[in-house]
Every structure is written in structure tokens, then in C-alpha cells.
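Grab a pencil and have a go at these exercises. Try each one yourself before you read the solution under it.

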Amino acid sequence: VCRLLYLLQQETSSTELRTECAVVLGSLAMGTENNVKSLLDCHIIPALLQGLLSPDLKFIEACLRCLRTIFISPVTPEDLLYTDATVISHLMALLSRSRYTQEYICQIFSHCCKGPDHQTILFNHGAVQNIAHLLVSTSYKVRMQALKCFSVLAFENPQVSMTLVNVSVDGELLPQIFVKMLQRDKPIEMQLTSAKCLTSMCRAGAIRTDDPCIVLKTLPCLVRMCSKDRLLEERVEGAETLAYLIETDVELQRMASITDHLIVMLADYFKYPSSVSAITDIKRLDHDLKHAHELRQAAFKLYASLGANDEDIRKKIIETENMMDRIVNGLSESSIKVRLAAVRCLHSLSRSVQQLRTSFQDHAVWKPLMKVLQNAPNEILVVASSTLCNLLLEFSPSKEPILESGAIELLCSLTQSENLALRVNGIWALMNMAFQAEQKIKSDILRGLSTEQLFQLLSDSDVNVLMKTLGLLRNLLSTRPHIDHIMSTHGKQIMQAVTLILEGEHNIEVKEQTLCILANIADGTTAKELIMTNDDILQKIKYYMSHSNAKLQLAAMFCISNLIWNEEEGSQERQDKLRDMGVVDILHKLSQSSDPNLCDK
């Protein structure tokens, strides 16, 4: 190898010799991953890039072919293409030289474009303008590689997608060209890749979700890719792309669910590897085994997208043969990708009240879910803890057993996570758990969280965490005996927290939630006194009665009305104190309000 590279780089070698060296190195690169590693160790890439500066086209093509083979190997770091800024612009310039330079350069770009940074570099070097006209090349290979380039450039990239919509080649806009490439008479890889381009453009908002090219062309094409007569690889890619296309749009979800019996068709994804009869099938078994994980992962992802919003679709999914068992098995698979996809599917289905009460109960889904939550990586934890939030709603029969299996401790530890989504989910699940719960559960939550942690959450920079923590407090402080009990043990700290928030720079929703907590405290029998003896808080309630926002005025009046019920002990003294503070005058003024709710209250 070293000798070949030496000859390749010698200016004195004839062009024929240098070209032959590049060809032989390209053949070696076709071997095992170790072959490619040893070529990389000899610094083959800088040598070949240097070769591209030669005037000889045949030599350039041989260097590009070898570079292509090296870059498509999984052991080659993509960044090697971007170390020298001049390389990309030189490759763009070489695109016009021949159909081979076009094919290889597009292939190099599509393999080396990983993530937004690479997309931006290629975009800024004019990739869209330089590659667009190749989509109508006479060579199928060039058309196909150019299409692949666009599919990786546009993926999750609004900037590229918005540009593509307006680019035209020979008077035809790119989306129309992509739609032509979707037609059934085109090769499958071309149909799939153009469907990916249109999907990325749709998700970026460059094409509307109700555009005929999505509804009548892209979606049906992707559903076709999921059918039994497609190769396993195609079925995986089809299902994953479709899951991404319909993920956030309920109309597309409904449409996909009734196209070609998709929900039943996906059940077939779980039947690999199929039983092997003859010894000749060993090769197929190996292939099936390799793709079985990917098929299950793709099916779970697509089921998750299909069932994201519509109750009828969720019901259909759950009624598909052995569906719940498949999900439960998926939760304990060795492959982390399958586990994640199974949890996502479960999360999607757990949005259904009906299913929480029935299928989820029959299959004791909470058991494997709690197991998944033990030391899982963050991306799984986020989805699994969201699912747990749903399983802890008050109408869910799983609530009791989950509590008995140590959920409080687990959720309290999530609220201390560095990861924002985990903090939100931890506190959200505790909020659901505390709703209409018995006093013991509420005390356990407070003990598990600790006052320090509660304050930590109340001063969290994220408004979601703050709102859910206030929601938890509000749920803890409901029903009189509970209010009095909690305020007798934690009253001082809770009043401090309330003061802190009412004085802080917070939005209306946060302040309203905080005043509702005060109204709950005012409803306690002994807890009331904590408000009545705190002049600072009383002044704040009075201030919010005259606030410019009606929601806050109403919430402040709830506090007052809970303090003054005539039939409760000590009501006279409380009324006198509030009268002296001027509360009655404010009430007179509010009874003239143009807002009927305020007036009424």
C-alpha cells in the first residue's frame, strides 16, 4: 500500500501509472473494514484529494472512485472531507467534468453529510444549485445519487427544504420532479428516496400537509413500501419514513390508518425470523435475523405515530393480534433501539383513557415499564416517564400497584435530573399521583421530595417545571384534613414559597396557580390562621383583587371567600380584620365591574 501511494503521488510517474495505482487502491478499499482502516492509517485521503488537482480526467475519476469507496465504509470518519475548506469548492467545480465525477461526488456528499453542520457547509457551497440539474441527467446512477444527496441535505433542515421548493430545473419545480420519481414504474430505491425528500420538506413546513403531492403521492407510496412483497430493508425504511411524515398531523394519521390495511400489514413485521424449513434457507435466516430488530423497531415507531391523537386508531392498534404482548416483550429486548421504539408506542397508546382502564390493566404493563425506568439511558427515561405520568392518572387502575413498587422514590430522583424533560416528567407524575390521593401518599411524596428540593423546583428557570410543582402543591393541599395536616408540618416553608412566587417576575398562569394554592390553604380549619397572621400575604391578596387581570382578581377573591364563611369558627374576627384592611371597599368597586364573573363573585 505504501509503495502504491508513493507512486500515486510522484509527479515523475506517468499519468497512466498513477491512474492504475488509484484503481488498485480502490479495489483494496472494497475489502474488509480492516483493509479500509489500514488505508486510512497510510493517509490515503489527503493523497487522493491532492490527486484531484491533476488536469487529467481519467486520473481524477479513478481518485474519486477510490475516495467514494473509502467514504462509504462505516469506519471512515466523515469529518475527513471537511478538514480543508477548499476541498468542497473544488469538488463542486469538478461536478461539471463527466457523468462519473457527478456520480461519485454526489455519493461522497450523501455519505459524508451527517447532521446540521455538514448540511450548512454543503448548502453554503452551493450544493442545491450545483446538484439540482443532475436530477434530469441521462444517467440513472447520476439521477439516483443526486436524489440521495437532496434527501440527506433536506432531512430535518428547514433552510434547505424552504430553498428546494422554489428551485426549478428546465422549467419544472423540484417537488414536481420528486413526484415524478415516486411513480410506480420507477425503481423502488428511487421511489423511496424521493418520498424521503418530500417528507423532509413537508415536516419543515415547506410543503403543506394537505398538499396533493403529500396526500395523494407521498403517503400512499410509503404505505406501499410497507407491504409484504417488498424487501425487508425497504419495509424498514418505508415504515420509518412514514412514521416521521405523519408524526404530528392527525389528518395524515387518519389517512394512513385506512390505506391498504396498514395497521394489519404492520403486524407482519413481528414475524421474523420466520421458521426455517430447508437447509437452503440458512442464508435467508441470517438475513432475517439481521433485520428482525430493525423491523420491530420500525413497526413500533409507525404504530406510535399512527396512534398519537386518534382514539379509534389506538383501539384498532391494540386489537391487532397480540399487540400488547408484543409491546411488553419489546420493553425488555436487548436492542436499545427496539426498547425505545416500544416505549414510544406504549406512550402513544397510554394517552387513551379507555385503554388505560382495559388493555393496560389486563397486561400489567406497569411492571415492565417500572423495570425499564431502572438505570435506562436518558432518551428512554424521558418517554418511559411520560408514559408513567399517564399510568398515574386518577382513573387508571395501575396507580396502586405502581405506588407499591417504589415509584415515589424513583420520581423524586427524576426531579433532581440535569435533563429538563426528566425534571418536568418527574414532577408531573408526582402531581398526577397526588391528585385525590389519600393522606399517606401525600405525606410520602413530601417526605420523598424534601423541602429543599421543593424550593429548588419552585425556583427552576423553566416555567413548565414551576407550573407542575405548583400543580403538585395544589393537589397535596386539597380536602380539609389533609390541608391542616400538611400545613401543620410544612406550613412555614409553604407560605415562604408562596410569598416568593407572588413577589417574583412570573407570568399570569404561574401567579394564578399560586393564588389558587392560597385559596386551598384558606379552606383549611387551622391552616387559615397561617394566612390571617401573615399581614404580608393579606396585603398581596388585596393587591391582586385590584389587579388588571381578571383571572388573578378571581383567584384572589376565592382566597377571601374561603376566609369569611359565616358558619366557621372565628369568622367574625377574620371579617373584621379584612374590613379594616379595606377589602369591602374593593368588593363594592368590583360589584360594578363590566366582567360578569367578577361582578358575580
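**Exercise 1.** How many residue pairs are in polar contact across the interface of domain 1 and domain 2?

*Solution.* Keep in mind that you're looking at a predicted model. Start by finding the two parts: domain 1 covers 352-476, and domain 2 covers 489-600. Next, look across the interface between them: the rule finds 2 residue pairs in polar contact, both at pLDDT 80 or more. Now try salt bridges: between domain 1 and domain 2 the count is 0.

**Exercise 2.** Work out which elements of domain 1 touch domain 2, and what kinds of residues they bring.

*Solution.* Begin with the contacts: 11 residues of domain 1 meet 15 residues of domain 2. On the domain 1 side, the elements giving two or more residues are α30 (451-458) and α31 (463-476). Of these, α31 gives the most, with 7 residues. Then sort that side of domain 1 by type, and you get 8 nonpolar, 2 polar and 1 charged.

**Exercise 3.** Describe the size of the interface between domain 1 and domain 2.

*Solution.* The size of an interface is often given as the accessible area lost when the parts come together. For domain 1 and domain 2, the buried area is about 1300 Å². Carbon and sulfur atoms give 78% of that area. Now ask who contributes on the domain 1 side: Phe-455, Leu-470 and Arg-474 supply 42% of what domain 1 buries against domain 2, more than any other three residues. As for spacing, the centres of the two domains are 30 Å apart, taken over C-alpha atoms.

**Exercise 4.** How does the chain's radius of gyration compare with that of a compact globule of 601 residues?

*Solution.* A compact globule of 601 residues would come out near 25 Å, but this chain has 32 Å. Then check the box that the C-alpha atoms fill: along the principal axes, it's roughly 110 × 55 × 50 Å.

Terms used
Residues numbered from 1 in each chain as written. Predicted model: local features only at pLDDT ≥ 70, side-chain atom pairs only at ≥ 80, totals over all residues. Heavy atoms only, no water. Domains from an automatic or database assignment. Contact = heavy atoms within 4.5 Å. Buried area = accessible area lost by both parts, 1.4 Å probe. Salt bridge = Lys/Arg side-chain N within 4 Å of Asp/Glu carboxyl O. Polar contact = N/O pair within 3.5 Å; in protein donor to acceptor, adjacent residues only side chain to side chain. Helix = DSSP H or I, 4+ residues; strand = E, 2+ residues; numbered from the N terminus. Nonpolar A, V, L, I, M, F, W, Y, C, P; charged D, E, K, R; others polar. Rg over C-alpha atoms; globule rule 2.2 N^0.38 Å.
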